Amino acid sequence: MKVLVPVKRVVDHNVKIRVKSDGSGVDVANVKMSMNPFDEISVEEALRLKEAGVASEVIVVSIGPAKVEDVLRTALAMGADRAILVETEDKTEPLAVAKILKGVAEAERPGLIIAGKQAIDDDSNQTGQMLSALLGWPQATFASKLEIAEGAAIVTREVDGGLQVIGVTLPAVVTTDLRLNSPRYASLPNIMKAKKKPLERKTPADFGVDTTPRLKVLKTEEPEVRKAGIKVKSVAELVEKLKTHAGLI
Ligand code: AMP
């Protein structure tokens, strides 16, 4: 079974985001970019399936400008077998990405697609769900545990009320949550080797997809600065503050 893993290049999670002065978006000039953390978890999970003999091949795919090559190379250095770069200069939106991933899935015929639950730049949390609908495949989102057994994926999902276990028949789309695993680091020799591996290059037009943005960003602004908290010495003081200062009880 092939496993397809979409990986997005986003602002590194350690970077303090700066909003552009004209409010048109986030400033990404000279900012460290990395693989979306949820996608690292997806790559790790796919590699573990391969190591367990469940998956035969791990294919990573990224959609974006030529620079997304670096996250594909990171995934190859972690252990992915093949990488596909679908190049576009347009800002990628979940629906266009899902349509392109559908095209890739139809060409590659994976038994499982493992996507991140969300990309930490736009926090859309939409692509996996849209992809499952477009393909007509079952979906299991927010996975914190994944087992493959007899043509099905048994997924433990992180939901508001706690954990939910569901079974979905393969092929399916699974999206990953933080507790699924701790991704491995790529070793230096593997990073060097990954630099020489070939990348398959495609364009959205190869899949008949128009990536012209359909969404309009009206304004981007910094969140309100939070007031500093205070420390209290006792429960009695806490209750008193909640009553008199916060008016909560
Ligand atoms: P989102 O719906 O934008 O929050 O993204 C959810 C997941 O979809 C990400 O974790 C990736 O696995 C995948 N994804 C989103 N955008 C891209 C992209 N441009 N290239 C590859 N994968 C993507």
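Predicted model: local features only at pLDDT ≥ 70, side-chain atom pairs only at ≥ 80, totals over all residues.
Hi everyone, let's start inside a helix: the buried residues of H1 are Pro37, Phe38, Asp39, Ile41, Ser42, Val43, Glu44, Glu45, Ala46, Leu47 and Leu49. Buried here means under 20% relative accessible area, exposed means over 50%, and partly exposed is in between, with a 1.4 Å probe and protein chains only.

Residues are numbered from 1 along each chain as its sequence is written, and side-chain values use heavy atoms, with hydrogens and water left out.

Back to our helix. Helices (H or I, at least four residues) and strands (E, at least two) are DSSP runs, numbered from the N terminus. After H1 comes Gly53, with a positive phi near 80°.

Now, which side chain does Glu44 meet in a salt bridge? The partner is Arg48, at 2.7 Å from N to O. A salt bridge is a side-chain nitrogen of Lys or Arg within 4 Å of a carboxyl oxygen of Asp or Glu. Both residues sit in H1, four residues apart, which is about one turn of the helix. Glu44 is buried because its relative accessibility is 3%, whereas Arg48, at 37%, is partly exposed.

By this rule, the count comes to 21 salt bridges. Let me show you two more. Arg82 and Glu57 meet through their side chains at 2.9 Å, N to O. This pair links distant parts of the chain, with Arg82 in strand E5 and Glu57 in strand E4 (residues 57-64), 25 residues apart. Arg82 has a relative accessible area of 24%, so Arg82 counts as partly exposed. Both residues also belong to a network of salt bridges with Lys2, Glu108 and Glu200.

In the other one, Glu158 pairs with Arg179, and their closest N and O atoms are 2.8 Å apart. Glu158 lies in strand E8 (residues 152-159) and Arg179 in the loop between E10 and H5, so this bridge ties together parts that are 21 residues apart in sequence. Is Glu158 buried or exposed? At 17%, Glu158 counts as buried, while Arg179, at 61%, counts as exposed.

Next, the backbone. The peptide bond from Leu170 to Pro171 is cis, with omega near 0°, and Pro171 lies in the loop between strands E9 (162-169) and E10 (172-176). Asp123 has a positive phi near 50° though it is not a glycine, and Asp123 is found in the loop between strand E6 (112-116) and helix H4 (127-135). Phe142, in strand E7 (residues 139-149), also has a positive phi, near 55°.

Finally, look at Ile191 in helix H5 (residues 188-196). Ile191 counts as partly exposed because its relative accessibility is 34%.
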